[in-house]
Amino acid sequence: MTAEAPGAVTTPAPSTPGPRHTTATDLGWLIRDAWTVTKRNLIGYTRIPEAMFFSSVQPIMFVLLFRYVFAGAIHTPGFNYVDFLMPGIFVQSVAFGAVGTSIGLAEDLQKGIIERFRALPMARSAVLAGRTTADLVRNVFVMLLMLGVGFLVGYRVHTGIAQFLGGALLVLAFAYCLSWGFAVIGMAAPNSETAQVMSFPVLFPFTFASSAFVPVQTMPGWLQGFAVNQPVSKVVNAARDLMSGHVPGVSSATATWEAVVWTAGMLAVFAPLAVWKYRSRI
Amino acid sequence: MTDAVEAEHLVKSFKGSVRALDGLSFAVRAGSVFGLLGPNGAGKTTAVRILTTILTPDGGTARVLGHDVITEARTVRGLIGLAGQYAAVDENLTGRENLDMVGSLNHLPRPAYRQRTRELLVQFQLDDAGDRPLKTYSGGMRRRLDVAAALVARPAMLFLDEPTTGLDPASRSALWIAVEELVSQGTTVLLTTQYMEEADRLAHEIAVVDHGTVIALGTPARLKAQMGATVLDIGLAGAADAAHTTELLRSTGRSGAARVGDSVELGVDDGPRAAIEILRLLDQAGIEPHRFTLREPTLDDVFLSLTGNPTADDGLAGADPDRGSFDRQRSGDRGSAPGSGRGARRSRRQARRGAGHG
């Protein structure tokens with residue numbers, strides 16, 4: 001096919017690229033672009049205060065449920081139940097919060113924003129980095145809120161301040177790495193509703209068949225095998241050790257080390273997978 | 001003279017065997033407006049997505065402003081603007097925040113993109129609404145913002161994928177004016193549309209696309225001239241009369257006659273002479289038309305004759321089961337059609353259409 005048709009407009013191509021890119025390194029642009037996307041997502045959260053409010057109600061209800069309804073039936077040797085419970089609640093709350101990553105990305109895909117991002121000269125992984133970072137910031141608020149609620153219902157820190165902060169950092173790092181896992185789901189889901197229903201069946205067994213709410217020793221043998229050796233339990237055990245007091249049976253160092261390895265391992269697997277999904281998704 | 005876009009033999013299939021592009025080729029001259037015209041599912045959006053580096057083609061090559069869309073994708077992204085079929089703007093942000101975000105992601109310095117945002121809000125009459133969240137915007141305002149976002153980095157090449165679909169007439173014409181202004185400043189525009197009027201108004205050159213290939217290419221005037229000098233439009237009492245009339249006309253050598261609901265359309269070079277003949281013919285057959293008009297051909301007529309499908313805003317002919325076969329016969333006779341192997345391609349398409357779509 002040729003363009004020999006008459007009716008000509010023959011202005012030559014204005015082909016100068018304009019004042020764009022190639023003045024900073026790729027990593028520099030990745031950080032700047034990721035920050036731009038992070039800001040965009042955070043502004044989004046503040047514009048829907050209802051969503052923020054109701055997403056905080058659910059974890060508070062979990063605290064009250066376990067603290068006052070189930071507590072009497074659960075025996076936790078060496079701990080007041082509330083001290084046993086709260087590190088588990090922290091991990092559960094941020095893990096549920098990470099579902100927001102899959103929903104948010106699926107929504108961006110659905111609404112065509114990601115299409116616009118793809119046609120921009122921005123760093124490609126910045127869309128995912130910006131989403132997971134915004135969800136990390138949101139999880140910091142969730143964590144602070146849960147801490148406040150915990151103190152109100154009788155939770156006390158029985159370790160040092162440094163250990164406590166270390167535990168909090170571990171929980172947030174875990175949440176961040178888990179966000180990348182949910183990013184994979186978000187990129188695979190056809191829409192945001194499906195992203196949500198795809199996320200919870202993954203999340204439920206890991207959070208409830210874990211050491212978060214009950215001692216795993218009370219579970220049947222076949223389930224204990226799973227409950228002991230999965231990442232949520234590893235992170236809960238380490239957080240409990242750092243934030244509430246030493247958990248008998250395993251050394252503090254081992255518990256922490258195992259949790260850190262699981263967390264880093266999740267990031268090493270999920271981040272490349274999510275980026276690959278982002279690139280290949282049409 | 002350079003071509004701003006060169007697409008050669010683009011092929012793209014999607015999972016589930018749909019061949020969206022089937023050897024699509026065209027070129028867009030720098031500084032012009034090029035229209036890709038076709039029904040839903042013709043492959044227009046797929047073509048735009050390949051040219052804007054969002055998709056990679058299965059086969060063929062494409063260059064935008066001299067850069068390969070696959071091997072130099074990042075460079076291409078730095079030179080183009082895209083406004084998609086769905087207004088790809090963030091609901092939760094204000095108009096200003098949306099444009100600032102796009103400016104930042106285009107790697108403009110902060111003062112530069114803030115300034116550019118202010119300009120664009122004024123240019124697209126959104127300055128009053130600039131600090132309101134998009135939730136409060138009308139459909140037309142969103143679409144204007146979407147186009148504004150495509151212009152943030154002053155792209156030399158602008159892609160508009162059905163920019164006015166779903167817009168009210170006032171918003172549509174405001175957008176047309178904005179596009180014309182850009183072109184007068186030297187921007188090259190590739191536009192996809194289902195609307196003849198839009199292609200006629202804006203495009204210097206049009207490629208009619210159906211089933212992933214270009215089936216006609218030319219200026220709007222030339223495409224219309226293909227229909228014959230004038231179009232004879234005969235309104236009849238019912239579909240049966242219309243079918244009868246069509247057969248009658250074809251039996252007398254006027255093979256271009258096509259039925260559209262209760263009407264028959266026919267491209268003729270010898271308007272008045274043909275009118276006399278045909279009226280006589282109808283009179284002998286006892287058929288009484290209630291409308292008998294000779295008019296200038298429109299792109300709608302071209303579109304209809306080439307694709308066998310009515311255009312988006314023509315609801316009439318969709319219900320006509322005979323359309324496909326009439327059209328097939330007709331296209332075989334039309335000598336002025338571009339591209340030599342069109343008859344064969346056309347039958348393949350018709351076969352597919354019979355198997356799949358209505």
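This is a predicted model: local features need pLDDT of at least 70, side-chain atom pairs count only at pLDDT 80 or more; totals for chains, interfaces and linings use all residues.
1. Two strands are taken to pair if DSSP finds at least two bridges between them.

2. In chain B, strand β11 (residues 230–235) pairs with β14(B) over five bridges, in the antiparallel sense. Within this part of the structure, B:Asp233 is placed opposite B:Thr293 of β14(B).

3. The sheet of chain B is open and consists of four strands, ordered β12-β13-β11-β14, with antiparallel pairing. From one strand to the next, the twist averages 25°.

4. Helix α10 (residues 271–284) of chain B lies across β11, β13 (263–268) and β14 of that chain, and runs at about 165° to β14(B).

5. In chain A, the axes of helix α6 (residues 161–188) and helix α9 (residues 231–243) come within 7 Å and cross at roughly 160°. Because angles over 145 degrees count as roughly antiparallel, α6(A) is described as roughly antiparallel to α9(A). The crossing of α6(A) and α9(A) is left-handed.

6. On the side of α6(A), the residues making this contact include A:Phe164, A:Leu170, A:Val171 and A:Phe174. Among those contributed by α9(A) are A:Pro231, A:Val235, A:Leu242 and A:Met243. By class, the contact of α6(A) with α9(A) comprises twelve nonpolar residues, three polar residues and no charged residues.

Notes:
Residues are numbered from 1 along each chain as its sequence is written. Chains are lettered from A and ligands numbered from 1 in the order in which they are written. Side-chain values use heavy atoms; hydrogens and water are left out. Helices (H or I, at least four residues) and strands (E, at least two) are DSSP runs, numbered from the N terminus. Axes are lines fitted to C-alpha atoms, for helices over the stretch in contact, and angles run from 0 to 180 degrees between N-to-C directions. Contact means heavy atoms within 4.5 Å. Angles under 35 degrees count as roughly parallel, over 145 as roughly antiparallel, 65 to 115 as roughly perpendicular and the rest as oblique. A crossing is left-handed if the near helix is turned anticlockwise from the far one by less than a right angle, and right-handed if clockwise. Ala, Val, Leu, Ile, Met, Phe, Trp, Tyr, Cys and Pro count as nonpolar, Asp, Glu, Lys and Arg as charged, and the others, Gly among them, as polar.
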